[in-house]
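Hi there,

Here is the structure I promised to pass on to you. Have a look at it first, and then read on for what turned up in it.

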Amino acid sequence: MTAHGADVDRGDEWAALRKRYLVASSEREPSSARGLHHLALISSNVERTIAFYQGVLEFPLTELFGNRDYKGSTHFFFDVGNGNLLAFFDFPGLDLGPYAEVLGGLHHLAISVTPEKWAHLRAKLEAAGVEYVIHSERSMYFCDPDGARLELLADPLGEMYGSPVL
């Protein structure tokens with residue numbers, strides 16, 4: 001039987017990968033990218049998605065128009081700070097199944113908020129009846145109305161649990 005998850009000690013493998021690929025920030029070339037323009041998810045209900053992301057999470061809706069690639073589909077965007085957007089498509093008539101964690105798919109989307117906003121949004125999630133899981137009093141996981149897993153992280157951009165990752 002093969003061990004899974006926490007049962008596997010991969011410390012040596014991770015050390016080898018770090019040694020082989022990780023370049024010190026002082027020696028690292030700048031990224032070829034300017035930033036994340038938008039991440040696009042799929043919505044089963046445009047109004048419900050807007051109510052959740054703008055109403056509960058307080059991410060302002062910035063634009064909404066027709067999807068150029070699928071007639072009758074909506075493409076809409078929310079501001080998630082720092083010039084980044086979270087976008088959605090709806091695909092009426094395609095009868096898409098529920099969210100599923102698959103290879104190459106979305107595991108979760110982590111969004112940085114201040115500690116004060118983290119506590120405020122936690123209260124709003126509770127008031128909206130959204131179940132969540134707390135990790136280390138800085139990280140909160142929950143699902144959007146279509147099952148996509150989200151994380152609100154009260155760490156600054158470029159940090160993870162108090163350690164630099166950028």
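In helix α2, the buried residues are Val 46, Thr 49, Ile 50, Phe 52, Tyr 53 and Val 56. Please keep in mind that this is a predicted model.

Let's begin at the ends of that helix. Where α2 starts, the backbone nitrogen of Glu 47 has a side-chain oxygen of Asn 45 within 3.2 Å. Just past the other end of α2, Glu 58 has a positive phi of about 65 degrees.

Next, the core. The largest nonpolar core holds 25 residues, and the members touching the most others are Phe 52, Tyr 53, Leu 57, Leu 125, Phe 142 and Leu 152. Which elements each supply at least two residues of this core? They are α2 (46-56), β3 (74-79), β4 (85-90), β5 (109-112), α3 (115-127), β7 (139-143) and β8 (149-153). The most comes from α2, which gives 5 residues.

If you set aside its neighbours within four places in sequence, Leu 57 is in contact with Phe 52, Leu 121, Leu 125, Phe 142, Leu 150 and Leu 152.

Now for the aromatic rings. Searching the whole structure gives 11 aromatic pairs. One of them joins Tyr 53 and Phe 59: the ring centres are 6.4 Å apart and the planes meet at 35 degrees, so this pair counts as tilted. Tyr 53 and Phe 59 are both buried. Tyr 53 also pairs with Phe 78, again as a tilted pair, with 5.5 Å from centre to centre and 35 degrees between the planes. Because Tyr 53 sits in helix α2 and Phe 78 in strand β3, this pair ties together parts that are 25 residues apart in sequence. Are these two residues buried or exposed? Tyr 53 has a relative accessibility of 0%, so it counts as buried, and Phe 78 is buried too, with a relative accessible area of 0%. Ring pairs also link Phe 52, Tyr 53, Phe 59, Phe 76, Phe 78, Phe 88 and Phe 142 into a cluster.

Last, the sheet. An open sheet is formed by 4 strands in the order β5-β8-β7-β6, with mixed pairing. At its edges are β5 and β6 (132-135), each of which pairs on one side only. From one strand to the next, the twist averages 20 degrees. Strands β5 and β8 run parallel and are joined by 4 bridges. To find a bridge yourself, go to Ala 110, whose partner in β8 is Glu 151.

Enjoy exploring!

Conventions. Residues are numbered from 1 along each chain as its sequence is written. This is a predicted model: local features need pLDDT of at least 70, side-chain atom pairs count only at pLDDT 80 or more; totals for chains, interfaces and linings use all residues. Side-chain values use heavy atoms; hydrogens and water are left out. A nonpolar core is a set of buried Ala, Val, Leu, Ile, Met, Phe, Trp, Tyr and Cys residues joined through side-chain atoms within 4.5 Å. Buried means under 20% relative accessible area, exposed over 50%, partly exposed in between (1.4 Å probe, protein chains only). Contact means heavy atoms within 4.5 Å. A polar contact is a pair of N or O atoms within 3.5 Å; within protein, one must be able to donate a hydrogen and the other to accept it, and residues adjacent in sequence count only if both atoms are side-chain atoms. Rings of Phe, Tyr and Trp (its six-membered ring) pair if their centres lie within 6.5 Å; planes under 30 degrees apart count as stacked, over 60 as edge-to-face and the rest as tilted. Two strands pair if DSSP finds at least two bridges between them. Axes are lines fitted to C-alpha atoms, for helices over the stretch in contact, and angles run from 0 to 180 degrees between N-to-C directions.
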